[in-house]
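Hi,

Here is the structure I said I'd pass along.

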Amino acid sequence: MSETTANTPASPAEQTPAAPAPAAAGTPAVASAAATTSVAAPAAPAAAPAAAPVPPPPPVELKFTAKPMNVAVVPFLNAQPLIWQLAKHHHVSQVPPIEMAKQLKSGQIDVALAPIAAYFLDPSLTIVPIAAIGSNGPVKSVRILSHGSLKEVERLFVDSRSQTSVMLARLILKKWYGVKNLEVVAINQKDFKPNQTKPWEGTLQFGDSALIAAPTGMTVTDLGEEWKTRTGKPFVYAVWMARNVQIAREIENDLLASKNEGVKHFGEIAEHYKGIWVFQQPQSKEYLEKNINYAYAAEQVQGQLEFQKLLKEEGLVI
């Protein structure tokens, strides 16, 4: 339902000259060149001064209260507002989403911005319910590239680091596009060329790589938009999780403070982020502001529960 074709120019708008406005009653006709007198046109009003750009908020030095912990995050632009200044106190490292649950269980890390799929597969993990990476419509950074309708996709190439995005793609293809026997093939996204796939193949992209312009002529399906259209609910991709309740309670205020300040600095984050050199800074800021939802409230929990319910109904999780 959300399929679009990448890089297809829109039809140019017709250049129709505007018709002159009819003269009001009693308005004198325009004087001819031979006339000896003329009526001076009223002076145009002075242009309003341009609005001054809104300065960024002044820097606020956050004061963290928990003991220093090992915190894992996904290596993507959309995680940056949630970890604002966190590395000044905690030990922050980048971990592939698919590895986070295992490292939490082993004690290698204390807290992780982990995929919601990890919680579905292991409910013993503790959610720290103060923030999420989610969407409430088009997300831009989770998409399927194909050469036509998703109904034709029999094989899906996926980023080997992904977890929640793979579950969402499998659900959408099976439940709403009727794909019954999907073959999922893990790949290294850096070396893969989606435009070389066959007509019956698709490519799932998530994170920063999905923000780069798609190959010309390929069909782009935004999975955040697809989910919202089908269910009317927001979607949760990742949440903060801790390896036990005690750690969750101790670090909760630090994570909340980091998020509350980080969402005030989208422009600064976009300007200094080095992960997407081809993705222009204004687009990065707009992506953080309009496409990513950092709330984790009742509405987001309902979307999360709906996702888990549908996965179970389609036999994609136990």
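Strands β4 (residues 111-115) and β11 (residues 235-242) pair in the antiparallel sense, over five bridges. In that pairing, Ala112 sits opposite Met241 of β11. Bear in mind that this is a predicted model.

Both strands belong to an open, five-stranded sheet with mixed pairing, ordered β3-β2-β4-β11-β5. The edges are β3 (91-94) and β5 (126-135); each has a single partner strand, so one side of each has no neighbour in the sheet. On average, neighbouring strands here are turned by 25° against each other, ignoring direction.

Next, helix α4 (residues 223-231). Its buried residues are Leu223, Gly224, Glu226, Trp227 and Thr231. They span an arc of only 160° around the axis, so they fall on the same side of α4. At the start of the helix, a side-chain oxygen of Asp222 comes to within 2.9 Å of the backbone nitrogen of Gly224. Just after α4, Gly232 has a positive phi of about 75°.

Then the charges: there are 15 salt bridges in the structure. One of them joins Lys105 and Asp122, with the closest N and O atoms 3.5 Å apart. Lys105 is in helix α1 (residues 100-106) and Asp122 in the loop between α2 (116-121) and β5, so this pair ties together parts 17 residues apart in sequence.

Arg155 and Glu201 also form a salt bridge (2.4 Å, N to O). That one links β7 (residues 155-159) to β9 (residues 201-206), with the two residues 46 apart. Arg155 is partly exposed at 25% relative accessibility, while Glu201 is buried at 5%. Finally, Lys140, Glu286 and Lys290 are linked in a salt-bridge network.

Cheers

Note on methods. Residues numbered from 1 in each chain as written. Predicted model: local features only at pLDDT ≥ 70, side-chain atom pairs only at ≥ 80, totals over all residues. Heavy atoms only, no water. Pairing = 2+ DSSP bridges. Helix = DSSP H or I, 4+ residues; strand = E, 2+ residues; numbered from the N terminus. Axes fitted to C-alpha atoms, helices over the stretch in contact; angles between N-to-C directions. Buried < 20%, exposed > 50% of the residue type's maximum accessible area, 1.4 Å probe, protein only. Arc of directions from axis to C-beta. Polar contact = N/O pair within 3.5 Å; in protein donor to acceptor, adjacent residues only side chain to side chain. Salt bridge = Lys/Arg side-chain N within 4 Å of Asp/Glu carboxyl O.
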